[in-house]
Amino acid sequence: MSGIKWRLGLASMLMLFVELALIRGAASNVVYLSWFTNFVLLASFLGIGLGFLRARRDTNQFAKGPLLLMILVGFLLLFPAWVGPAQGRTPSLVMLGGIHALPPWIELPLIFIGAVLVMSALADEVARLFMQLDHLTAYRWDVLGSVVGIVLFSALSFFGVGPVGWGVVIAVAFGFLLPTPLRRGQILILTLLAAVLLGVSLIPHTTWSPYNRVTWKGPSSTGEVSIRVNGRPFQTMIPVDRLTQERPFYGYPYTHLVDGMQLNNVLVIGAGSGDDVALALSMGSKHVDAVEIDPEVVSLGRTYNPTHPYDDPRVDVHVNDGRAFLEQSDTRYDLILFALPDSLTLVSGQGGLRLESYLFTKESVQAARDHLAPDGVLAMYNYYSPLVFGRYAQTMLEVFGHPPCVDRGEVGGGLRSQSVLTESVAASGIVCTTPWVAPSVAPAPSTDDHPFPYIASNGIPTFYVVSLALVLVGAALALGASGGSVSAVKTYADLFFMGAAFLLLETKNVVTFALLFGTTWFVNSLVFAAVLMSVLGAIEWVQRGLKVPRRLLYGLLFVSLALTWIVRPEALLSLPLVVRFLCAGALAFTPVFFANVIFADRFRETSSSTQAFGANLLGAMVGGILEYAAIVIGYRQLTLVAAGLYLGAMLLMWKRRGSPEVA
């Protein structure tokens, strides 16, 4: 029996590890996934759910897992969608000589189908082991394996180990789980998978940070080094004496400073490889706090920036989230720069957050204003689209009470153009000849509850609506083709509702902790691990026979959800770090605990653990789709949606049992 438990834990670790690797690896190679944040996550939930629902069939799909994974990895490597320099900002297959990439309506469905097949095959083994143990014991070892998977993937990220590490872990896990002796074909595929991922990791001038695949080129004969992130042009390190000649907008904020202004303290958020810092030093800054979230980009700046700004004793480098740094610092600055922090990089597979999502909200700009000296200046610059430019200008107008100064430069890709917005605490604090003139209807500022600066309004864009509809249609067809799956979902409809609600709770926790502690990979991993530990606590509660009437459990769940909804996350920002963490943890994980006590108690009495768990996972996939409702209603209201789903689960459970009480 103990051997089955360890195999289940290992299989669950492998399943979650492959899911995280696919989310990370696919996004690093296909630019379309920068805008469809939880696409691979939805495919994973669908695949795992189908794997559990069909596990009673005689055919063993797990043996096909290595081949399916190798095919998907090969497709991602052979058909990337990158932004190629020869075609401006048009995605192209740079690896194949600039050939145009597959269009998203072809590439995304193929990735989705591939991820579903891979995860379904892996889930087949987990489900078969599930059936050999009692329900809660199996659930416990599944969660323990998932915790190990998160910790292992996070550790590899921390040490900058890229695909080669993923390949080794996956190949070794498959080697232990596949029936022995391994067939020649299986050995060949696993060796090939590890070799391919090793080759990806050994590509010259390539490194892997916790967020990105970072590549660089140069130095050129003029000392320039260009950086690409996840297949997109990102930054170019230019000697400081030529920087404002080739990139004039870097220097525009300094042209608005009043004569005689002393730059005693300067803050650069989005410091990147150091160009902005080098310019600040050349302008006479006595001290610069350089904040950059990606450690590998900082490392490249230390090594290759021709001016070597990070070696200057006047500079303190902080590898941190920009918003988190603002909340943690009490320094007053003469100049704060939001220096090109447009990452197009996901925090995780859920939550819809990019690394800079909470930096450009109205509350963040207010925090920046509060960190300015009495005559301090705030400036932000990038290649803004008209929508984003108008939104940020309106945000600065509302926060400072007077319009920002505007500088426009050359046009970039599409409708984007170089744009600089400069503002001061006092209207007379800068020299300005071109103040922003607000249109009759300006885009509303983004907020901490609605951190979507790149979406035009509180409506779900057509691209998402069509894509999510196709995902639902595909899931329905897959369920129908799997035989018996639809009836299983109907039988365990209450668990289906719980799965959808739980995913929304998890998403809400991800975005809340990102706001309170920074949109960093460590915070994100900590949330997932804490959620799973809450689940383990709930399993132990039920396993030890601590009987509590379900009516009371549901009451405690709804009370904790109400508290989570009433207490706004931003109300905790002023608390000391430890107190903030304790309060946030209590608000976030108390409803997770009670929800999982209810789930574990209900799950224990089901006649088929795999059918019940599969229905729950398919519900989680639907929860991933409902997550996009935050674009309309904001993240805070997702708590109410989750409460409604739990109410539906409660009513279905009562209808099934005829009584809310624990038998």
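The questions and answers below concern a predicted model of a single chain.

Q: Which radius of gyration does the chain have, beside the value for a compact globule of 663 residues?
A: The C-alpha atoms of this predicted chain fill a box of roughly 80 × 55 × 45 Å along the principal axes. A compact globule with 663 residues would have a radius of gyration near 26 Å, and the value for the chain agrees with this, being 26 Å.

Q: What share of contacts in the chain, among those between residues at least 6 apart in sequence, joins residues at least 24 apart?
A: The secondary structure comes to 23 helices and 14 strands, and buried residues make up 59% of the 663 residues. Among the contacts between residues at least 6 apart in sequence, the share that joins residues at least 24 apart is 77%.

Q: How far apart do the centres of the positive and negative side chains lie?
A: The accessible surface of the chain comes to about 25200 Å², and 66% of that surface belongs to carbon and sulfur atoms. As for charge, there are 43 positive and 43 negative side chains, and the distance between the centres of the two sets is 13 Å.

Q: How many of the residues of helix H17 are buried?
A: Helix H17 runs over residues 493-517 and reaches 36 Å from its first C-alpha to its last, close to the 36 Å expected at 1.5 Å a residue. Just after H17 comes Gly 518, which takes a positive phi of about 110°. H17 itself is mostly covered, and of its 25 residues the number buried is 23.

Q: Why is helix H21 described as largely enclosed by the rest of the structure?
A: The 18 residues of H21, which are residues 609-626, should span 26 Å at 1.5 Å a residue, and the end C-alpha atoms are 26 Å apart, which agrees. H21 is largely enclosed by the rest of the structure because the residues that are buried number 16 of the 18.

Q: Is Gln 394 buried or exposed?
A: Gln 394 has its place in helix H14, residues 386-400. Not counting residues up to four places away in sequence, Gln 394 touches Trp 436, Ala 438, Ala 442, Pro 443 and Pro 445. Its relative accessible area is 13%, and the cut-off for burial is under 20%, so Gln 394 counts as buried.

Q: How far apart in space are Ile 336 and Glu 423, C-alpha to C-alpha?
A: Ile 336 is found in strand E11, residues 333-339, and counts as buried at 0% relative accessibility. Leaving aside neighbours within four places in sequence, its contacts include Leu 267, His 371 and Val 377. Ile 336 and Glu 423 are 87 residues apart in sequence, while their C-alpha to C-alpha distance is 10.0 Å.

Q: What is the phi of Leu 340?
A: Asn 230, in the loop between E6 and strand E7, has a positive phi near 50° although the residue is other than glycine, and Asn 230 counts as buried at 5% relative accessibility. Leu 340 has its place in the loop between E11 and helix H13. Its phi is also positive in a residue other than glycine, with a value near 55°.

Key: Residues are numbered from 1 along each chain as its sequence is written. This is a predicted model: local features need pLDDT of at least 70, side-chain atom pairs count only at pLDDT 80 or more; totals for chains, interfaces and linings use all residues. Side-chain values use heavy atoms; hydrogens and water are left out. Helices (H or I, at least four residues) and strands (E, at least two) are DSSP runs, numbered from the N terminus. The expected span of a helix is 1.5 Å times one less than its number of residues. Buried means under 20% relative accessible area, exposed over 50%, partly exposed in between (1.4 Å probe, protein chains only). The radius of gyration is taken over C-alpha atoms; the globule rule is 2.2 Å times the number of residues to the power 0.38. Contact means heavy atoms within 4.5 Å. Accessible areas come from the Shrake-Rupley method with a 1.4 Å probe; for residues, only the protein chains shown count as cover. Lys and Arg count as positive and Asp and Glu as negative; His and the chain ends are not counted. The place of a charge is taken as NZ of Lys, CZ of Arg, CG of Asp or CD of Glu.
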